[in-house]
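Trainee: I am new to this structure. Can we go through it in short questions and answers?

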Amino acid sequence: LLLSRTVGRSGADISAEAKHPTLAFKAGNKGSNVTFRAKYVVNCAGLFADKVSRMVGDESFTIKPRLGDYLLLHKNQGHLARHTLFPCPDPKLGKGVLVQTTLWGNLILGPTARDVNDASRLDMSDKEVMEYILSNCKKLVPELDAGEVIHSFCGARAKSDRGDWIIEESKVAKGFIHAAGIDSPGLAGSPAIALEVIRLLKHAGFSAESDPAFNPVRRPLITPKNLWKNHKGERIKVYKPETAGQVPPSQCVMCKCEKVTEEEIVMAVTSSLPVDNTQAVRRRTRAGMGHCQAGESPFCEDRVAEIISREKKIRLKDVGRRPWPATSLLPQRWLTNEQREWFRSLVKASP
């Protein structure tokens, strides 16, 4: 998202709506909704990198996704750890299940490592996955309260059948550069990967002058809050219908749990990347990521939808919403006291 904001602001075209693209790599290609033409291509398509590779006849690798599940805890558990806590690494599955602090005060537990081609792990039930995460993390932080889970996530890492990162020029298509199979720690390695991709492009014949107007610095969408004051020192207030329009956007809080202001939401909605749903705003600003999960006044998901409708000039009913009631693992949006006790029992029952 951050990279897309930067290149979008610098004049690049971002095609987020391409449904069935074809790649006309130095040659025309018809019969699809969208055709992209280029002399040089960087294949950084993640889970779909092998499919993009096959568009130019390169079948040198296959992506074999590895699922990683996480559980997010309430901020009242954040004081239990001040650093990322690692277990002893697994010889096959990597670094193992961690207890990690977040910038926002939560603890996040995970990930699992479930290869899609390993039926024994892929077929784990939701209960087995959660029990596996909680029992392993309880060994690292015994005081952890499993009943304070507020959300779950599942992502897929783009592991390849080569067992290593693939950063090279295709052997069958000159000028086609692979940056594929980048699993952990790809984020930490991304600056070095970028430099290597530039070197490979130059070796393939690419040449371009630096843009003197390029500005790599992005204004942050999320600004730090000092208790109930914004970065300007102004007091911020939770949105109330009766005072709508009377409080400046920089001081009007739409998400109480995460203290996200109307100004931050507007900035996200009007950035260079298209935004037409509340989930896109949640990923950019954290509006709706708090412990109430948009279930308490001011019901931030509804407020975010109204802002998107207003700023993008689309009908409110056309604004995309969160696909509730379930998350990747949790049975519903708000856990009952009985369900919280069930989570605690998962840890008690594990060896």
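Trainee: What distance does H8 reach from its first C-alpha to its last?

Mentor: This is a predicted model, where local features need pLDDT of at least 70, side-chain atom pairs count only at pLDDT 80 or more, and totals for chains, interfaces and linings use all residues. Residues are numbered from 1 along each chain as its sequence is written, and side-chain values use heavy atoms, with hydrogens and water left out. Helices (H or I, at least four residues) and strands (E, at least two) are DSSP runs, numbered from the N terminus. H8 has 13 residues; the expected span is 1.5 Å times one less than the number of residues, and H8 is close to that expected value, reaching 18 Å.

Trainee: Which elements are included in what covers the buried residues of H8?

Mentor: Buried means under 20% relative accessible area, exposed over 50%, partly exposed in between (1.4 Å probe, protein chains only). Among the buried residues of H8 are Cys300, Val304 and Ile308. Contact means heavy atoms within 4.5 Å. The cover includes S12, helix H6 (262–269) and H7.

Trainee: Which residue just after H8 takes a positive phi?

Mentor: Look just past the end of the helix. The phi there is about 55°, and the residue is Lys313.

Trainee: How many salt bridges does the structure hold?

Mentor: A salt bridge is a side-chain nitrogen of Lys or Arg within 4 Å of a carboxyl oxygen of Asp or Glu. By that rule, the count is 17.

Trainee: Why does the salt bridge of Asp69 and Arg114 tie together parts that are apart in sequence, and how many residues apart are they?

Mentor: Their side chains meet at 2.9 Å, N to O. Asp69 lies in strand S4 (residues 66–73) and Arg114 in strand S7 (residues 114–115), so the pair ties together parts of the chain 45 residues apart. Both residues, Asp69 and Arg114, are buried. The separation asked for is 45 residues.

Trainee: Which helix holds both Arg199 and Glu196?

Mentor: These side chains form a salt bridge at 2.7 Å, N to O. Arg199 is partly exposed at 47% relative accessibility, and Glu196 is partly exposed at 27%. The two are three residues apart, about one turn, in helix H5 (residues 186–203).

Trainee: Which residue is linked with Glu258 and Arg286 in a network of salt bridges?

Mentor: Glu258 and Arg286 meet in a salt bridge of 3.2 Å, N to O. That pair links distant parts of the chain, 28 residues apart. Glu258 is buried at 13%, and Arg286 is buried at 11%. The network also takes in Lys75.

Trainee: Is Ile108 in strand S6 buried or exposed?

Mentor: In a regular strand the side chains alternate between the two faces of the sheet. In S6 (residues 107–110), Leu107 and Leu109 sit on one side, with Ile108 and Gly110 on the other. Both faces are covered, and Ile108 is buried.

Trainee: Which residue in the turn between S5 and S6 has a positive phi?

Mentor: Two strands pair if DSSP finds at least two bridges between them. Strand S5 (residues 98–101) and S6 run antiparallel, joined by four bridges, and Gln100 stands opposite Ile108. They form a hairpin with five residues between them, and the phi of about 105° belongs to Gly105.
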